Amino acid sequence: KAQEEIAALSQMAEQLNSKMATTELQSVDLDNLFSFLSDVQSNTKSNANIFEAIGEQMEELVEDLDAELENVIQLEMEAIAKSDSKMSNLNSPEQRNGSAKLGQPSLPEPTGPPPPPPPPPMPTNGEASDTTEPIYESVLPRDENDPSSPIRINGHQQNGDVCASPPPVPTLKIIKEPPIASPPSRPESRNSTNHPHHLQNGHDQVPTSPPPQQPPATPTALQAPPTGQQPAEREQRRKFRVERKLQELEEKKEPTEPENLYHDIVEFAQNYFNSHERSPEGTIIATLTRKSRGKSIEYIPKYEMVTYYKGTTIPNSHIHMYDPDNVNMACSVFRDLCKYLRGEMKLDQEISTIQSIIGHGIEREELRDEILVQCMRQATNNPNPEWAERVWLLLCLAIVAFQPSKLLYKYFVSFLRKNLALEGKLRQYVQWCVDNCKNTKVSCRQFPPSTVEIAAMRRLGTIVCRFFFLDSRTKAIDVHPTDTAADAAAKLAEKLGLRSLEGWAIYQSRPDGEEHVRAHDYLYDVIAAWEMKQCKLNTSQSSFSTLRKGNNQTLGSGDNRFVFKRRLFRNTRELSQDPVEVNMLYAQAVYNVVKCDDFPVSEKVALQLAGLQAQVMLGDPKDNDRLDYYSEVDTFLPYRISRARGDDVWVPIIAQAHKQYGAGRPELTAKVLYLSCVMQYPLYGTTMFNVTYRGYWSYGNQLILGINCDGLMLIKPEDKFVLSEYRYQDVESIMLDPSDCFITISLLRHNPDSSHKCFVFETAQKNEIGSLIVSYCPALAGWITENEAPTKKTKAITNEDRVRLYHNLVNCRRTLVDSEALRKPQDSGGGFLRNTLRRLSKHRIEKLRQEHGNSTDDGETYKGFPHAYWAFSRQAIPQSLTKLPDAEEQIALSVFQLVLTYAGLGQNGDTVRRVEDEHVNLIQTVMERCMRKENLLGELYLQLIKQTTDHPDPNSRVNLRHWALLSLACSVILPPQKIIRKYLIAHLKRCSSDYVTEEGKYARFAEKCLYKTQGTRRRQWPPSREEIMCTINRRPIYA
């Protein structure tokens, strides 16, 4: 039946595609669409027999081709087996005697290419191999009557296993040659490089003496050796086989030994761990013992820092960190981890703790290794199995959320392999971590695990997600925590039998609208976002429901669900030849016509389509004239048409339309006709978004922005009339406002078809619109996504260029020093002992810097200005960098303190929380204080350059906030002093040569802002909130 459907669909598709290709859109009568399809079905029945005959012939050809390929592949495998296994025993007396008894002709060394094969083709040699040992059991021929011989059908040997890989081309020539009436010859030499396949198979070698006279045999029959020789030969062959196999195993083990090396976590601790002071438990005892010890401090050895710790607090993070906010976070994570693993919380608190810990790791990359190390420590030698199980549960959830760094990875894998010796559920947890510790996805998860994911992980299971289709059907599939939308779509297509996934996508349907799930987004993140939103709404009833019985929970019901439908329509005038795809496109077309009313369907065409839809749903009309089948009028007609009359009037009309337009048509034919009719509308394949036009024209502000494979459309919502149409090549740029719901579309200036050159639309679906435009026209992606690459691709930065940029920077610093505009750092006196200690500490610091490989920048001291004067500092500066009066110096010191506070380095560990208003107020205060006087403006730039110079962690949050401030300052007002401006440019050029870290991206953005600001007048007022938010996010500013 499936073949018949495919044949019929192919015929209809060819007819319809040829008709639609020759028919112009302007000539289609949308009120009489069925006239377009009047002669489509005329030749269907007459050609049915032809298609059936063609189908049978194709099946026979496929079967013959399968048999031929099976013989070819088997012979190739046997030839390779013979050449590999016979070399070791080729010259043994036993083999020579056996050859003599078999009448084997002696073969000389080949000196030239083999002769061409004889013209008459013969059947293939059907040597079959044993299924258990396909290579070695087919070396010697067997007797036809031997019970251990391969299966024979009608006296001929049949092939056994089929190799998955195709044989080389020369083998086809060998197979067609008539076989010599003797057992297969053994190759005498493997050194010749001419025609290796011919030599290995031994078919093309020329014997020196004619073979003995033998009775004619069937082409596939083989002459077997005497039975007395077989046991000895078989034993000898088995011996060589075992030895060769052992040798191969030893060779395979040698290159894999480095992978199996054990990397002890203690080695990682010695290299990257901080030193923790040993303190007894209890606050009173700790205080007393600390006083009694005096200045002697005992540190915990590193091997103890990787085993279970019975305390609840740690004095510092395990791994070196430069951001004090991260250090404080690491200590609080360990405290929460200890409470969680000891079962001191209720179930809701446990879930929130797990989500909090993993959420910190997702948000801050610097904390990921710290969290994994803490879990590894508390899982090692844990005295309580229940506590260990909780730690491993957290590890299982963390490893699918983010991955260990390159430094920790090999130690983490060795730790997991070591713990595979555990038993029971713990071993299953360890195996889960081993299987998922090498995730090759582009990014990590965006949200911490949901309650459903945590519950599934407790059972070592996954979530079963139910996907909805537009015809109300559903499919449920297992979704792994690391499965993206693309992975789930591939599983879904395999389950549905969909041939091609091109254009199909998964959507999430929420109460507030529908949104496309990008191919690289994790479905578990979507589920977690649903749950977080539900918690914010404080609703008691969950939006998730169990739709299938069993251990796994099923998601997708309720207010939130996954929908699978077509997203991209690249060939809107061609009908697919895949029955599964046609069924789904038909359902989507019905949904667009009836539910969405996307097309200007007239009443006549709506009834014609309703007749076809009724034929698909109900089959041929029944003779009893029951009208209750058509009572759901909204199922057949769009509301715009059905509201004109009552349901009692529409029911008999739909029944009559069913008889007139749908009766007698097969289900597939009715679907194809429905789909081909809808494809005549110009809006078919256009995704529509409701937008508000922010401008002035006569059409009103409420519009529909349509996006299809050709370009953009502006559509009136009332009658779906296309106001204007713009192709993608006419679009100059598309801008998405980062802070507001605006999208700006700019057209090319030389486009004569439109008086408007710029459109600004307000819509909450701006990101969805931008993503769809990029999918259709990747050339516009540079306007929508961040274009971090330089506009003009020059040659790569070399080491000589980096040295030159660094020397330019040093020269600018020396120019500043020579100008005597800087305040020289002074050493405060404190006696001989204090100065000696300071010298020792400075010497130690310099030694540490040299050990860390930063000696090229350090050690630079010019006229009493050391490198520390120019580099990043996490403490407040004791004096201003430039020479200022006392009043202005106090302002400069307060400005530097505000900069530290904004970056998260305030006094006593005070940090600014993620409140945009506080950030904006801080930045506006800094800019307002420094814009008043030129001296303070120069001081501000020197402070910002200092804080963005040689930060230990370029990607840290602290460094990026300093760079955001510097970028904002460059976009508002530049320093009036030429030497400071020259120093700023040299600093930006040196840092912008880095194309790896986020620091380089900010430096390039700040450089662009600087050049834009150079030709503008001096600003009088600090930046607004919108300007600040756009600039610190490296986005263009919208007016």
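This is a predicted model: local features need pLDDT of at least 70, side-chain atom pairs count only at pLDDT 80 or more; totals for chains, interfaces and linings use all residues.

User: Okay. How many helices and strands does the protein chain have?
Analyst: There are 35 helices and 15 strands in the protein chain.

User: And what share of the residues is buried?
Analyst: Of the 1039 residues in the protein chain, 46% are buried. The accessible surface comes to about 54500 Å², and carbon and sulfur atoms account for 52% of that.

User: Which residues have the most contacts inside the largest nonpolar core?
Analyst: That core has 99 residues, and the ones with the most contacts inside it are Phe-467, Phe-562, Phe-564, Leu-637, Tyr-674, Ile-707 and Phe-761. Apart from it lies another core of 55 residues, including Trp-870 and Leu-966.

User: Let's pick Tyr-674. What does it touch?
Analyst: Leaving out residues up to four places away in sequence, Tyr-674 touches Tyr-586, Ala-589, Val-590, Val-593, Val-594, Leu-609, Leu-612 and Gln-613.

User: New topic, helix H8. Which of its residues are buried?
Analyst: H8 runs over residues 265-272, and its buried residues are Ile-265, Val-266, Phe-268 and Ala-269. They sit on the same side of H8, because they cover an arc of only 155° around the axis.

User: Tell me about Ala-269. Why does it count as buried?
Analyst: Ala-269 counts as buried because its relative accessibility is 0%, and the cut-off for buried is under 20%. Setting aside neighbours within four places in sequence, Ala-269 is in contact with Lys-302 and Val-306. Ala-269 and Ile-319 are 50 residues apart in sequence, with 8.0 Å between their C-alpha atoms.

User: Now the outside. Which residues form a nonpolar patch on the surface?
Analyst: Val-242, Leu-246 and Leu-249 form one, with about 260 Å² of accessible area together. Leu-249 belongs to helix H7 (residues 230-256), and Leu-249 is partly exposed, at a relative accessible area of 42%.

User: I noticed Lys-720 in the backbone angles. What's its phi?
Analyst: Lys-720 has a positive phi of about 60°, although it is not a glycine.

User: Where is Lys-720, and is it buried or exposed?
Analyst: Lys-720 is in the loop between strand S11 (711-715) and strand S12 (722-727). At 14% relative accessibility, Lys-720 counts as buried.

User: And Glu-820, what about its phi?
Analyst: Glu-820 isn't a glycine either, and its phi is positive, near 60°. Glu-820 lies in the loop between helix H26 (799-818) and helix H27 (831-851). With 59% relative accessibility, Glu-820 counts as exposed.

User: Last one: where is Pro-885?
Analyst: Pro-885 is in the loop between helix H28 (867-870) and helix H29 (886-903). Pro-885 is partly exposed, with a relative accessible area of 45%. From C-alpha to C-alpha, Pro-885 and Asn-935 are 9.8 Å apart in space, while 50 residues separate them in sequence.

Methods
Residues are numbered from 1 along each chain as its sequence is written. Side-chain values use heavy atoms; hydrogens and water are left out. Buried means under 20% relative accessible area, exposed over 50%, partly exposed in between (1.4 Å probe, protein chains only). Helices (H or I, at least four residues) and strands (E, at least two) are DSSP runs, numbered from the N terminus. The arc is that of the directions from the helix axis to the C-beta atoms. Patches are made of residues with over 30% relative accessible area and no salt bridge: like charges are joined within 9 Å, nonpolar side chains (Val, Leu, Ile, Met, Phe, Trp, Tyr) within 5 Å. Accessible areas come from the Shrake-Rupley method with a 1.4 Å probe; for residues, only the protein chains shown count as cover. A salt bridge is a side-chain nitrogen of Lys or Arg within 4 Å of a carboxyl oxygen of Asp or Glu. Contact means heavy atoms within 4.5 Å. A nonpolar core is a set of buried Ala, Val, Leu, Ile, Met, Phe, Trp, Tyr and Cys residues joined through side-chain atoms within 4.5 Å.
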